[in-house]
Amino acid sequence: MQRRDFLKISAASGAVAALEGCGNPDHKLIQFIPEEDLIPGIATWKPSVCTLCQSACGTQVRVMQGDAEVVRNGQLGLIKMGLAKKIEGNPAHPVSHGKLCPRGHAALQVTYHPDRIKGPMAVTGQRGSGEYQLISWDEALKRLQAQLGPLATAKQKGALLFLTAPLIGQRRTIVEGFAQAFGGSPVEFELFDRSVLEEANLQSFGIAAMPTIDLSHSNYVISFGADFLGTWNSPVAQSVGYGAMRERPGQRGKFVQFETRVSQTGANADEWIACPPGMEGAIALSLAHVILGDKLRPANAAGALGTAIDGWSTGLTEYAPEKTAAQAGISAATITRIAHESASNGPAVVLIGDLATAQTNGLASALAVNALNMLLGSAGKPGGIEFSPTAVAGGATASGRGANGSIRDVVQLINSSVPKALLLYGANPVFATPEAWQVKALLEKVPFIASFGSFVDETSILADLILPDSSPLESWMDGSPEAGTTRMIVNVAPPAMNPIHETRSMPDVLLTIAQQTGGDAAKALPWKSYEDAVKASLAQYQSVKGGSVTATSADDFWSKVQAAGGWWSAEAEPAAIRLGETGTTIRTTTAQFDGDPEQYPFYFLPFPSQMFYDGSLANLPWMQEAPDPMSSAMWGSWVEVNPATAQKLGIAQADLIEVASQHGTVRAPAMISPGIAPNAVAMPIGQGHEHYTRYASGRGANPIAILAPMSTENGALAWGATRVKISKVGVGRLALFGGSFREDEIDREPR
Amino acid sequence: MARQWGMVIDLDRCTGCEACVVACHAENNIDTVGEDQAARGRAKHWIRVERYYEGEYPDIKAKFMPVLCQQCAAAPCEPVCPTFASYHTAEGLNGQIYNRCIGTRYCANACPYTVRFFNWFNPVWDEPLNLQFNPDVSIRSVGMMEKCTFCVQRIKAAEIQAEAEKRPLKDGEFAPACVQTCAPKAMVFGDLNDPTSEVARLARSNRATKLLEETGARPQVTYLKRGSWNGAENAENA
């Protein structure tokens with residue numbers, strides 16, 4: 001019998017030890033039977049996986065015995081249980097290499113968050129009021145079944161909308177299968193979507209995946225705006241590679257960053273070059289022009305990727321350094337020199353991401369960068385761009401989906417035919433989309449909304465029914481990351497601890513509903529539990545030679561893989577790139593921006609926050625208090641303004657600024673920042689939550705809300721394509737941890 | 001020879017990500033103080049990443065520098081403490097005895113590195129955040145100074161384990177939380193008195209420098225300057 005079942009029976013039958021507390025008969029503290037045999041003070045380390053971004057870093061969790069006050073079946077009591085105390089990287093993991101980013105450490109606060117939803121809830125007041133009452137799991141499942149059951153029978157397409165964050169592994173398989181069985185489709189949403197790069201890589205290399213960059217063997221790295229040491233793609237793996245690149249004996253690599261605002265990543269560049277937003281593709285082609293013209297690489301090195309670009313075969317005359325330099329405000333000599341350096345100090349690799357791909361010409365810029373990589377000889381080679389073999393094998397990774405533009409398809413879908421039911425899991429589009437897209441008004445039309453999330457946020461507050469998932473540390477983990485390693489890899493880890501609240505694993509809830517519904521739904525999801533589904537999916541790896549785990553039987557393999565936190569191949573096996581014929585001619589266009597430059601003189605640069613990521617981590621106090629890397633600001637929002645611009649406009653540090661686009665306004669205190677262009681202002685993404693626990697609700701301002709509904713060529717949100725105007729409207733406050741911004745200044749500001 | 005714990009921080013590798021800052025909070029039961037107190041300068045980041053800009057846009061550069069208690073051999077914080085709460089250990093650490101501290105805050109006044117933090121009020125954790133506490137580290141209460149200890153709990157645990165197993169400690173066998181999590185491997189920790197240790201070797205680098213050495217504090221943290229790139233010859237590194 002499972003311990004959990006024993007525990008339930010024990011509690012119900014009263015066969016527990018009751019603690020008489022201090023002679024106060026009203027304050028009996030029930031002592032539940034301990035869940036595990038742990039020795040007090042002795043830690044065990046359990047493998048797990050971090051889920052706070054798409055990297056899926058392998059972790060190890062320090063678990064020690066402790067006393068937790070919990071509620072079981074409505075009864076408050078004390079239970080001795082294994083409690084996660086610390087998360088570290090798993091040294092054997094091919095992505096994390098034993099390291100973590102700041103967010104990975106803060107994941108502990110998700111499990112122990114005071115505002116976590118502790119059990120199933122049903123809305124009592126109006127939808128969106130945030131008034132809920134706790135109900136039992138039996139009641140919650142009954143209500144969910146009542147709403148979804150008829151959809152399986154009717155099998156009406158579009159009746160069910162399952163909106164999730166991008167998922168991997170059997171979690172994704174189960175969600176997909178469930179959605180289809182109940183007349184719907186899963187729609188994945190994330191703000192920092194990968195669709196632009198996935199589409200570019202599909203066209204260039206036949207692989208719709210984010211790149212895995214072999215930085216430890218790179219000699220020359222050029223990045224167009226990609227925050228690869230902070231938040232972009234697989235930051236931990238990239239940081240590990242970067243460290244090795246810097247300190248190879250006698251061969252320290254060079255790093256050049258092109259961007260409009262000095263980011264945390266950009267600060268580490270040997271050469272930081274200011275470039276206006278939207279010009280990244282043009283600069284990449286300008287570099288290619290020099291390499292081609294000066295014959296620094298074999299003429300046809302870029303092959304079909306090059307010739308697909310308009311003008312490539314005639315030497316990209318439109319992108320001569322003098323022309324590009326004039327438009328970009330960079331000297332032609334610099335472009336020429338960097339082209340020469342990169343071509344003669346291989347392996348050289350070029351990256352693009354974040355703001356540069358969040359433009360109306362983002363896809364064309366990404367294709368230009370791919371062609372440049374091909375020309376430099378780094379595509380598919382050590383020290384360059386490679387691709388995860390598991391991403392290509394498909395099925396279990398998030399590649400190929402997750403375009404944030406997909407939420408607009410949803411919105412259009414709802415406009416034409418309203419689904420009967422909306423299920424939410426891990427996605428918060430009401431927060432993370434421009435108000436111009438009107439996502440909230442459209443989601444509200446759906447008659448029944450249920451959420452599986454652990455927190456009430458702007459989107460899940462619309463839910464009529466909440467069936468909270470357990471936190472990642474309390475859950476089975478599986479799946480393969482899209483990038484970060486070129487070894488074959490699948491993460492598998494059992495829960496590091498038992499749930500402290502009365503939450504249930506979401507995939508298991510779906511399986512229960514499917515089984516109860518019967519028919520095709522039950523056939524589509526035949527597993528008894530999520531754990532069984534994961535175990536079954538692993539069988540394919542047991543016979544693969546040269547893996548990290550070898551075993552004689554399926555059961556032996558299963559227990560060894562769990563203990564290791566996953567299975568991976570011993571050797572790197574980067575996926576083979578397929579250079580197809582790309583029929584279409586690619587033209588790098590001039591980026592378009594919303595707002596007439598006369599009235600809206602500033603480029604608006606929202607940037608991913610190292611602490612809040614896309615806003616999903618603003619609810620964690622460690623993240624609110626950790627100083628922002630470039631400004632040291634805590635607990636707030638700010639507007640970064642260039643010092644010369646601030647002086648011209650009479651703006652002082654911490655003055656309250658109103659930032660206005662054609663689509664809305666936000667307010668935040670000014671941060672006089674030397675690292676931003678005079679014709680741009682920047683705001684961190686992640687604050688400005690209306691509803692997101694006590695630590696984030698009503699705090700700061702959300703720059704996404706005022707963005708113009710501009711799109712990249714493939715329909716993703718072009719979050720870098722909005723222009724704004726600013727004005728001083730009062731005085732605000734900045735909570736800065738650091739003092740001066742320059743070494744030779746003394747901060748005498750009274751706080 | 002007695003141990004002298006020390007660190008080397010390679011500024012060429014540090015990316016400013018602040019994983020060290022958050023790892024330290026998690027390991028050492030450091031509470032968050034909230035917005036108002038943080039605005040008054042009362043947040044307690046035992047390790048912080050300083051960021052300095054140089055130049056003017058567009059010729060602008062920014063540099064990162066992690067700063068933590070330097071465990072100075074001639075620590076200015078030690079002679080000014082009236083109760084010897086701030087003292088020097090036999091293994092070269094500046095120790096802080098929490099229950100001796102009476103909160104004069106003179107140690108923080110004397111410290112050139114601003115790495116000492118005062119508990120202006122009793123720490124608050126909204127339950128059940130307190131379930132995350134590391135049982136190996138004391139919770140400080142109001143009126144006490146606190147600072148980086150080089151994760152002395154980890155040092156002690158490793159020493160006890162090695163002694164129980166009747167073997168010497170190996171270089172790199174354990175590390176403070178910040179060093180352990182640093183992805184670009186910018187931080188190295190070990191015994192400076194062991195000439196074969198990695199930290200001792202790196203401290204002899206031609207890029208080595210120390211912070212505010214002119215104060216005479218004799219800090220035990222060595223910083224390695226950022227490298228440069230000279231075209232085809234590439235550049236100086238360790």
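Chain B meets chain A through 57 of its residues, which are in contact with 65 residues of chain A. Contact means that C-beta atoms, placed from the backbone, lie within 7 Å. This is a predicted model: local features need pLDDT of at least 70, side-chain atom pairs count only at pLDDT 80 or more, and totals for chains, interfaces and linings use all residues. Residues are numbered from 1 along each chain as its sequence is written, and chains are lettered from A and ligands numbered from 1 in the order in which they are written.

**The side of chain B that touches chain A**
- Elements giving two or more residues are α1 (19-28), α2 (35-39), β2 (48-54), β3 (61-67) and α5 (177-181) of chain B. Helices (H or I, at least four residues) and strands (E, at least two) are DSSP runs, numbered from the N terminus.
- α1(B) gives the most, with 7 residues.
- By class, this side has 28 nonpolar, 14 polar and 15 charged residues. Ala, Val, Leu, Ile, Met, Phe, Trp, Tyr, Cys and Pro count as nonpolar, Asp, Glu, Lys and Arg as charged, and the others, Gly among them, as polar.

**Domains of chain A**
- An automatic or database domain assignment sets the bounds. They are domain 1 (3-111), domain 2 (121-191 + 396-543 + 555-568), domain 3 (199-388) and domain 4 (602-736).
- The C-alpha centres of domain 2 and domain 4 of chain A are 31 Å apart.
- Their contact takes 19 residues from domain 2 and 22 residues from domain 4 of chain A.

**A parallel sheet in chain A**
- Four strands form an open sheet in the order β13-β12-β11-β14 (chain A), with parallel pairing. Strands pair if DSSP finds at least two bridges between them.
- β13 (271-274) and β14 of chain A are the edge strands.
- β11(A), residues 220-224, has 5 bridges to β14(A) and 5 bridges to β12(A), residues 254-259.
- A:V221 stands opposite A:V349 in β14(A). A:S223 stands opposite A:Q257 in β12(A).

**The largest nonpolar core**
- This core has 312 residues. A nonpolar core is a set of buried Ala, Val, Leu, Ile, Met, Phe, Trp, Tyr and Cys residues joined through C-beta atoms within 7 Å.
- A:A284, A:L287 and A:V681 are among the residues that touch the most other members.
- Helix α12(A), residues 362-376, gives the most, with 11 residues.

Terms used. Two residues are in contact if their C-beta atoms, placed from the backbone, lie within 7 Å. A residue is buried if 20 or more other C-beta atoms lie within 10 Å of its own, exposed if 12 or fewer, and partly exposed in between; C-beta atoms are placed from the backbone.
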